[in-house]
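Hello,

Here is the structure for you to look at. My notes follow below it.

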Amino acid sequence: MYEETITVTNAEGLHARPASKLVEIAGKYKSNIEIVHKGKAVNAKSILSIMGAGVYTGAEIVLRVDGEDEAEAAPALSEYLNNLPD
C-alpha cells in the first residue's frame, strides 16, 4: 500500500474541475484509491465522494493507493494532487 500526505495549495481547493480530473485519472487504474481528509476516507473514483469531502486550500489530505497497479497509479495521482490547477 502507498500513502502520501499532500497539502492542497491551489487557490480553490479540490473543487469540481480538479476533482473531475482526479476521478478521470483514478478511473484508469484497478487499485483501490482513497483520499483521506479530516480522518474520513473517500473513494477517489467518485466525484460525489470527493466533492463531499470538502477539501479546501491549505488542507492536508492523504492519498492511499492499494492494489495490483499501485506502482503506476500512485505516481500519476501524486503528481496531479501536488500540482492541482486553480
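Contact here means heavy atoms within 4.5 Å. By that rule, and leaving out residues up to four places away in sequence, Asp69 touches Tyr29, Lys30 and Ser31.

First, the ground rules. This is a predicted model, where local features need pLDDT of at least 70, side-chain atom pairs count only at pLDDT 80 or more, and totals for chains, interfaces and linings use all residues. Residues are numbered from 1 along each chain as its sequence is written, and side-chain values use heavy atoms, with hydrogens and water left out.

**Asp69**

Asp69 sits in the loop between strand E4 (60–66) and helix H3 (70–82). Helices (H or I, at least four residues) and strands (E, at least two) are DSSP runs, numbered from the N terminus. Asp69 is buried but has no salt bridge. Buried means under 20% relative accessible area, exposed over 50%, partly exposed in between (1.4 Å probe, protein chains only). A salt bridge puts a side-chain nitrogen of Lys or Arg within 4 Å of a carboxyl oxygen of Asp or Glu. The nearest side chain of opposite charge is Lys30, 6.7 Å away (Lys and Arg count as positive, Asp and Glu as negative; His and the chain ends are not counted). The Asp69 side chain does reach the backbone nitrogen of Lys30, at 2.8 Å.

**Helix H3**

Buried residues of H3 are Glu70, Ala73, Ala74, Leu77, Ser78, Tyr80 and Leu81. They fall within an arc of 165° seen down the axis (directions from the axis to the C-beta atoms), so they line one face of the helix. On the other side of H3, Ala71 and Glu79 are exposed.

Note on methods
Polar contact = N/O pair within 3.5 Å; in protein donor to acceptor, adjacent residues only side chain to side chain.
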